[in-house]
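Reader: I'm new to this one. Could you show me how to read the strands?

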Amino acid sequence: MKQKLGMLSLGCPRNLVDAESLLARLKNKGYSITEDISGADIALVNTCAFIDEAKRESVEAILELIELKKEGKLKKIVVCGCLAQRYRHLNRHLPEVDAFVGSPGLDRRTGRFPLTPRHYAYLKICEGCVNSCSYCVIPRIKGKLVSLDEETVIRKARCFNRQKISELNIIGQDITGFGLDSCGESRLSGVLRKIIRNTPDVGWIRLLYLNPERISDDLLDLISSHERVCKYIDLPVQHINDRILRLMNRKATKKGIISLIEKIRKKIPGVCLRTSLIAGFPSETDKEFKELLGFIKEIKFERLGAFTYSREEGTPAYNLKGQLSRRLKEERLGAIMELQQGIAAQVNAGFLNKRLRVLIEDEQDGSYTGRSQADAPEVDGLVYVNSARRLKPGDFTDVMVTDTLEYDLVGEAI
Ligand code: SF4
């Protein structure tokens, strides 16, 4: 009898892609895959160790599985992913876990066993990272940048096209680095052009995680001129003060970031800009933090995520002087989120009485939720849709926005 295997994938969509391709490989090896982890013979946890919160979540998940194993509901537990890769001594502390294995990594051959809903998918075009931000453990965990070759990317894209996926998300730690390892230059716009050409039956194509240092005019023109490419740019800037940016080992400067944002908004009218920021980086002064708040107020990012600085062993920032107290970091994070709350409400108010194209995500008892091009799966807001017509996940419909909530919208299908 086939052994039943259940997967729990934690962390970001990039981890999810690894989990899906690992499951596809295991399915080919004869395991049967179950969605109910508590009814599995083997539980596989794909962990994340990016920041403290992610590590905590991973350990809690493992402990819950250990409980299930003690109750006899699970036979074996296997832990893979970033946490297992980073903390190789974990087996000493968690003897109930049967095996620790590293990151599944970039797979060039197999397909995926979908953990994401079938109407959208992720295509990971590179693994590792070419940058060395001083606070980040990713290059240590995932290694140097490795880009898929273009032929493989296109083969995978064609496969999603055959499945008539409604949305294809192109991901990597920093996809602007695509090709730097193999060709010595960023080939993102070149490969995007080919992806567009080879996926006529895919509804939307979304680019996730673009490093501000390598966004070319060519790439912006491509995003602007193709209707199917989401007018959505995820541009993690992390901070705006030049001294902090230097300490973070980010190459972008305040002037460069502001002029890039102006250029993006000019070239792509109606673009949704998302960023992420770090609150309480070592030695960040009150004045520098206020500068960051001023920048948020001025730019009014349509979407924004922020985190407190997490002091990670093995990173250069770990040894920086002036580590801030947890309380101060949290206070600063709170101030950013409070400011952004007002901005998000203003941004949403701008959608009122406007017509939006919405991708239906879910249906429950005749009511629908979906996303517009301004919302990436799993991280951004939702559109609640009333419809007299029957819709199903993966459908596109035009919606008239009739009400706005803090982060979400409400509308009628038309
Ligand atoms: S761009 Fe910087 S923060 Fe992002 S994964 Fe690479 S090193 Fe880490």
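Author: Let's take a few strands in turn. Keep in mind that this is a predicted model.

Reader: Okay, where do the side chains of a strand go?

Author: In a regular strand, side chains alternate between the two faces of the sheet. Now look at β9, which spans residues 167-171. Glu167, Asn169 and Ile171 point one way from β9, while Leu168 and Ile170 point the other way.

Reader: And how many of the residues in β9 are buried?

Author: 5 of its 5, so to count as buried here, each has 20 or more other C-beta atoms within 10 Å of its own.

Reader: Which strands pair with β9, and in which sense, parallel or antiparallel?

Author: Strand β6, residues 120-124, runs parallel to β9 and is joined to it by 5 bridges. In that pairing, Ala121 sits opposite Leu168. Strand β10, residues 204-207, also pairs with β9 in the parallel sense, over 4 bridges. There you'll find Glu167 opposite Trp204.

Reader: How does β17 connect to β18?

Author: Through a hairpin of 4 residues. β18 takes up residues 409-413 and pairs with β17 in the antiparallel sense, over 5 bridges.

Conventions
Residues numbered from 1 in each chain as written. Predicted model: local features only at pLDDT ≥ 70, side-chain atom pairs only at ≥ 80, totals over all residues. Pairing = 2+ DSSP bridges. Helix = DSSP H or I, 4+ residues; strand = E, 2+ residues; numbered from the N terminus. Buried ≥ 20, exposed ≤ 12 C-beta atoms within 10 Å, placed from the backbone.
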